[in-house]
Amino acid sequence: MKKYLLLFLTFIFFLSNIYCQEVESESAEDILKSFNQDEESHESGLLDDGEFIQVLKWKSEGRVLKYKITIEKKEKKDYEQFIVEETKKPEYVASLEPGLYRFKVDFYNALRRLAFTTEWEEFEVVEAYQPEIHGVSPKIIYLEEINDGVFVADGKNFRPSAIFELRGALTGRTMHKPLSVEENNRGTKATLAFNMDKIDVGHYILYVENPSGLSSQSEEIRVQFKKPMDLDISAGIAPPYILYDDTFDKYMESNLYLMGLGAKVCFMPIKHRWGYIGIGAIGSATMMDAQFANYSIDGFMFTGHLNLVYQKLFFHRKLMFEAFAGGGLLMFNNFYFHFPYGIESEVLNSSNISADCGLALDFYITKRIFIDLTVQYVAAFISDMTFGMIVPRLSLGYQF
């Protein structure tokens, strides 16, 4: 009986040695370092009561019964034991004061025997600072002006690795991140460069967060236009050219009529960096006449359309591109055939639904005065005609 008992104990001892070696080989390279509270890759957090915690983690494979963690703090020149605790999880949560520390972990196997001890790992806990933003310049940016995208924030406790962002004032959502950040040595001023070409109309805040998780934000920053709405009025010549329908070519032997005048109004209440959106009205009046040996013909053609308008500025607000489309009316008024001996035909009047679209370029001579070049296409829905024309326009305009 004693012989069998001795063999059994020898077998158990052999298994325990194998298990100890397995834990050592799998754990030696998996110990993770802790990190500073004020470093980007720290393993720390902020509790609801404002207390900071540090999480020391390590990885272990196999059936480890428990871990014993030893934390020592550096006092003057030497490390002194600070915390010794046991845990069954491969991590330990502490709340440590600023200072230099090191820790090691003892692994215990299922037989409650020490299987492996890690090397000492050093880490530093530094004080977490509450950042404050006292002011930002500029507070208002006008998109009509040339802006370099540079903001200067005054405050305190800006850490070297702090995160700065422009966020929506209402949503709190991150909108833009700086291209560069420069801070002075005292942490009281930060110069931030943003890409102004991507910052649109809106209300923003400058947000700063130190790596500890403590944050602050500025007062509201507004990006807007000096003129929130534009009203453009222009008038000039508008000679139509009939593209299709042979009625006028047949009876008047011409498709181009030079006696045309036109006017255009655009009201643009929605203005953004990507362009302006608004409504517009465009109209024209053309005298049409022709003289022949046996008869003459004359009358007027009027057009009027209400359009949806898109505008976009280029070349430092010197050139405005415009596109528009909509619907309206095309009218023939007081058309007569005149024959010898005072004989006249019955008058021809008609009003017809029509659609239009077009493009325009506005060249600004001054900040308000511009030359407008517009090309408009008009298609009229007439029961006995298939009518389409193009109306080039050259106008002088003013922006209110």
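## Second largest pocket

The lining of the second largest pocket divides into eleven nonpolar, three polar and two charged residues. Here Ala, Val, Leu, Ile, Met, Phe, Trp, Tyr, Cys and Pro count as nonpolar, Asp, Glu, Lys and Arg as charged, and the others, Gly among them, as polar. This is a predicted model: local features need pLDDT of at least 70, side-chain atom pairs count only at pLDDT 80 or more, and totals for chains, interfaces and linings use all residues. Residues are numbered from 1 along each chain as its sequence is written, and side-chain values use heavy atoms, with hydrogens and water left out.

The pocket's volume is about 360 Å³. Of its 16 lining residues, Thr247, Phe248, Phe335, Leu348 and Met385 lie nearest the centre. At least two lining residues come from each of helix H2 (247-252), strand E24 (319-339) and strand E26 (348-364). Helices (H or I, at least four residues) and strands (E, at least two) are DSSP runs, numbered from the N terminus.

Pockets and cavities come from a 1 Å grid over the protein atoms alone. A cavity is a set of points where a 1.4 Å probe fits but cannot get out; a pocket is an open set with protein on both sides within 12 Å along at least five of seven lines. Lining residues have an atom within 4 Å of a point. Grid points are joined across faces, edges and corners, and a volume is the space filled by probe spheres set on the points.

## Largest pocket

The largest pocket holds about 910 Å³ of space. It has 29 lining residues, and Leu143, Glu144, Glu145, His316 and Arg317 are the closest to its centre. Strands E21 (260-272), E22 (275-291) and E23 (296-314) give two or more residues each. E23 gives the most, with three. By class, the lining of the largest pocket has ten nonpolar, six polar and 13 charged residues.

## Cavities

Three cavities of 30 Å³ or more are present.

Asp232, Ser234, Lys264, Cys266, Gln311, Glu322, Asp362, Phe370 and Asp372 line it. Five of these residues are charged, two nonpolar and two polar.

## Nonpolar cores

The largest nonpolar core has 31 residues, and Leu166 and Leu206 touch the most other members. Strand E16 (residues 202-209) gives the most to this core, with three residues. A nonpolar core is a set of buried Ala, Val, Leu, Ile, Met, Phe, Trp, Tyr and Cys residues joined through side-chain atoms within 4.5 Å. Buried means under 20% relative accessible area, exposed over 50%, partly exposed in between (1.4 Å probe, protein chains only).

What is Leu206 in contact with, leaving aside neighbours within four places in sequence? The partners are Ile133, Val136, Ala153, Glu165, Leu166, Leu192, Phe194, Ser216, Gln217, Ser218 and Ile221. Contact means heavy atoms within 4.5 Å. A second, separate core has 19 residues, including Ile242, Ala290, Ala380 and Met389.

## Cysteines

There are zero disulfides, a disulfide being a pair of cysteine sulfur atoms within 2.5 Å. Cys266 is buried, at 2% relative accessible area. Cys357 is partly exposed, at 35%.
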